[in-house]
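The sequence and structure are shown below.

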Amino acid sequence: MKTMYGGNAVGKNGVHILTMVEFKIWLMTFDQDKDGRISKQELQQAVRAMRGGRFTALRGWCGVRSADANHNGYIDYDEIEKLVEFAYKTLGLIVVGS
């Protein structure tokens, strides 16, 4: 299982707090084919790493759908910022800064 990026803080109720840079670096560790974008399957692995195995397929699909502005089926690097609300609701992450 991949762990969170190095220096993140943990707030109340065990919520992880990351900067946008830390969030992007952590998320890109799931980019298995190194194409610079996150597929539904790669996002499912990120969800699984944070929340366990329940509903990972649905959560991965919802995450890609919520952030995929150009509708190519992937989260491109410049679309990652659109995942902030998804990260909070689904993964229990708070992403701060830009």
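This is a predicted model: local features need pLDDT of at least 70, side-chain atom pairs count only at pLDDT 80 or more; totals for chains, interfaces and linings use all residues.

Asp31 is buried, yet has no salt bridge. The nearest side chain of opposite charge is that of Lys34, 5.9 Å away; a salt bridge would need a side-chain nitrogen of Lys or Arg within 4 Å of a carboxyl oxygen.

Once neighbours within four places in sequence are left aside, Asp31 is in contact with Gly36, Arg37, Ile38 and Glu42.

## Helix H3

Helix H3 comprises 12 residues (residues 56–67). At 1.5 Å a residue, H3 should span 16 Å, and this agrees with its end C-alpha atoms, which are 16 Å apart.

Thr56, Gly60, Gly63, Val64 and Ala67 are buried in H3. These residues lie on the same side of H3, because they cover an arc of only 95° around the axis.

## Helix H4 and the residue after it

Helix H4 (residues 84–91) has Phe86, Ala87, Thr90 and Leu91 as its buried residues. Their arc around the axis is only 100°, so they are on the same side of H4.

What does the face of H4 turned away from its buried side carry? That face carries Glu85, Tyr88 and Lys89, which are exposed. After H4 comes Gly92, with a positive phi near 70°.

Definitions and conventions: Residues are numbered from 1 along each chain as its sequence is written. Side-chain values use heavy atoms; hydrogens and water are left out. Helices (H or I, at least four residues) and strands (E, at least two) are DSSP runs, numbered from the N terminus. The expected span of a helix is 1.5 Å times one less than its number of residues. Buried means under 20% relative accessible area, exposed over 50%, partly exposed in between (1.4 Å probe, protein chains only). The arc is that of the directions from the helix axis to the C-beta atoms. Lys and Arg count as positive and Asp and Glu as negative; His and the chain ends are not counted. Contact means heavy atoms within 4.5 Å.
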